[in-house]
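Hello,

I am passing on the structure we talked about. Please open it next to this message and read along.

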Amino acid sequence: MANAKLKSGKVSRIATKTVTYAILVFACLMILLPFTIILSTSFKTYADSTKVPFTFFPGYIDVSAYGEVFGNIAIWKGLLNTLIVVGPIMFIGVFTSALSAYAFAKINFKWSGIMFTVLMMSMMLPGVITMTPAYVVYDMIYWTDTYLPLMIPQAFGTASCVFYLRQYFHGIPNDMLEAAEIDGLGRFGCFCRILLPLAKPALIAQIILWFIAGYNDYFGPMLYLDTERKFTLQLVLKQMTGSADSDWPKIMASSIITMLPMIAIYFFAQKQFIEGIVMTGMKE
Amino acid sequence: MRKEAARMTRAKRDNIYGTLFAASPIIGFFLFGLLPMLFSVFLSFGKLTTFDLGDMEFVGFENYARIFAEDDRFFKSIGNTFLYAIVSVLLSLVFSLFLAQLLAQEIHGKKVFRVILFIPYVCSAVAISTMWKWLLDYNFGVLNDLMTAFGAERVDWLNEKATAMPMMIFMSVWGGLGYNMILYTAALTSVNRSYYEAAEIDGASKARIFMSITVPLISPTTFFLLIMGFIGALQSFANFQIMTPYGGPDDSTLSMVLRVYNAAFVEDSMTYGMGYASALGWIVGIIVMIFSAINFVFSKKWVQYG
């Protein structure tokens, strides 16, 4: 009797597990399928790419689309431009954010409360309000069609980065900092020599998130850049897809090539990435 | 006495260093957020057909009056955006909670599933939109292959009124699943096990446990994802602009921000221009800020459980 009950319980458990796996595999397939389809297209000849119905495996692998993309100077120039725009600023921005977070987490100062509230308010300001006036102002000071509007505001640090790092700094014991102060390190010295090295994982997580956001950014570069040789990678990709005679394998190969570095970074830095998202997502 | 003085100077020093260190992002916000915002109020009362402020002509409330009197496209874009935001955020939450709940069970390969579901999140809007444009292409798209395989007619997905917005919603749900699922997973793992154990001892069914314990306990996360997702969706731009730059068939995929952008930079500046666009921007901004304010007021309650 008891044995039979145990057995039926086991059977139903196995059934639930199977259904669970089936649903999860199906969900993953739904996510991956679009990518695999464009992957397939990218390895076809142009003639085959427009053949209907679609075939997954045309029976050959044609890498000429990739050859063309890698031989396309515009793509490389775009990548270089992206790195120029994002590269230095992500370090500066994370540094200024960290300095601010340090003050909020570890220094007891008069304006702390009100300054933090102002920072919280800054996250509520919708970008759509500042879109037009910022453009007019940047145009007035000759910043349009330069990288400055994409770099300078970011260099001051961002509120979300401050929140995340402040949270992390809270977890670093005060006595370590106090001991360093007794040894004669000033506030800034404490920050640079003690806090930053201790907070390395958090800083790396923020730099990664910053890089991915900057690399993927479309709105800013699209709004401010006009000259083609200044285009970032995303703008170059956008321009390729917009051309009238669409060479689908080439377009798909470029899309895949632009996506791959981010997917690779995500694979290797999953832990920091997920933690960064959960922490900034949930606060406190 | 001397000790007292030393403490005083230390407090003073802390005030100076603290303010100095903390200031940078706040100065950035004043310069690049608040100042343009105030300037935007000024612009919205003017007619400006170039980007040169010297050409501005003060017109008072004319821009706002015109918007409310005749800008049907703008009001259509508000409706579109709310439809998009409500449906895509709700669907995304339901699916991601379902998946997070499945992943919370003791199964193998959790990590692999999570990694895969999250991939769209790290891909750029341009690349993802390009991909979907190809899949939804009228002549060569895979989706239409499927349609014809089942004996149905081809559909011009992004150029037909009935299908354009549903496709935008579908793409948004597809892309946002991973993010919501990760935050739900974090919330589910923080639920105290003993609640479940107690309920199991009492003989509650799985569905009952889920509805009466899990859902209420993770409600702070649900609220957070709901409101943040909604605020984000209300400001959607890149996906709409790339898929349907001019607002799609009969403006059915014209989002609020796309309408503002087009008025400012794409459409005839003699009819609209920067002043008019600033007025539009303010209306959209106020709509968004209402939801931010709701979030601000209720955000203190997120932490309650956990």
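Below is what was found, from overall scores down to single residues.

**Confidence**

This is a predicted model. It scores ipTM 0.87 and pTM 0.89. Chain B averages a pLDDT of 87. In that chain, 95% of the residues score at least 70. Where pLDDT is low, the predicted coordinates should not be read in detail.

**Domains**

Chain A divides into domain 1 (2–42) and domain 2 (70–282). Their centres, taken over C-alpha atoms, are 38 Å apart. The contact between them takes 4 residues from domain 1 of chain A and 6 residues from domain 2 of chain A. On the domain 1 side, the touching residues are 2 nonpolar, 2 polar and no charged.

Chain B also has a domain 1 (2–44) and a domain 2 (62–299). Here 36 Å separate the two centres, again over C-alpha atoms.

**Between the chains**

How many residues does each chain give to the contact? Chain A gives 81 residues and chain B gives 70 residues. The side of chain A that touches chain B holds 54 nonpolar, 21 polar and 6 charged residues.

**The nonpolar core**

The largest nonpolar core has 155 residues. Those with the most contacts inside it are A:Y102, A:L165, B:M168, B:V260 and B:L280. Which element supplies the largest share of this core? Helix α7 (residues 161–189) of chain B does, with 15 residues.

Take A:Y102 from that list. Leaving aside neighbours within four places in sequence, A:Y102 is in contact with A:F169, A:F191, A:L195 and B:F21. One of these partners, B:F21, belongs to chain B.

**A helix pair in chain A**

Two packed helices are described by the angle between their axes and the distance between the axes. Helix α4 (residues 73–106) and helix α13 (residues 233–242) of chain A pack at an angle of about 150°. Their axes are 7 Å apart. From α4(A), the contact uses A:A74, A:I75, A:G78, A:L79 and A:T82. From α13(A), A:L233, A:L235 and A:V236 take part. These residues divide into 6 nonpolar, 2 polar and no charged.

**An open helix in chain B**

Is helix α8 (residues 193–201) of chain B in the open or buried? Of its 9 residues, the number buried is 0, so α8(B) lies largely in the open. Just after α8(B), B:G203 takes a positive phi of about 80°.

A:Y142 has a phi near 60°, a positive value in a residue other than glycine. A:Y142 sits in the loop between α6 (127–140) and α7 (148–155) of chain A. A:Y142 has 9, so A:Y142 is exposed. A:Y142 and A:S112 are 30 residues apart in sequence and 36 Å apart in space, C-alpha to C-alpha.

B:D251 also has a phi near 60°, and B:D251 is not a glycine either. This residue lies in the loop between α11 (238–243) and α12 (256–266) of chain B. Is B:D251 buried or exposed? The cut-off for buried is 20 or more other C-beta atoms within 10 Å. B:D251 has 20, so B:D251 is buried.

A:T41 is in helix α1 (residues 2–42) of chain A. A:T41 counts as buried because it has 28 C-beta neighbours inside 10 Å. Beyond four places in sequence, A:T41 is in contact with A:S49, A:W248, A:P249, A:M252 and B:W134. A:T41 and A:P58 are 17 residues apart in sequence and 9.4 Å apart in space, C-alpha to C-alpha.

A:G276 is in helix α15 (residues 270–282) of chain A. With 24 C-beta neighbours inside 10 Å, A:G276 counts as buried. Outside four places in sequence, A:G276 is in contact with A:Y164, A:A205, A:Q206 and A:L209.

Best regards

Technical notes. Residues are numbered from 1 along each chain as its sequence is written. Chains are lettered from A and ligands numbered from 1 in the order in which they are written. This is a predicted model: local features need pLDDT of at least 70, side-chain atom pairs count only at pLDDT 80 or more; totals for chains, interfaces and linings use all residues. Domain bounds come from an automatic or database domain assignment. A nonpolar core is a set of buried Ala, Val, Leu, Ile, Met, Phe, Trp, Tyr and Cys residues joined through C-beta atoms within 7 Å. A residue is buried if 20 or more other C-beta atoms lie within 10 Å of its own, exposed if 12 or fewer, and partly exposed in between; C-beta atoms are placed from the backbone. Helices (H or I, at least four residues) and strands (E, at least two) are DSSP runs, numbered from the N terminus. Two residues are in contact if their C-beta atoms, placed from the backbone, lie within 7 Å. Axes are lines fitted to C-alpha atoms, for helices over the stretch in contact, and angles run from 0 to 180 degrees between N-to-C directions. Ala, Val, Leu, Ile, Met, Phe, Trp, Tyr, Cys and Pro count as nonpolar, Asp, Glu, Lys and Arg as charged, and the others, Gly among them, as polar. pLDDT is the predictor's confidence in each residue, from 0 to 100.
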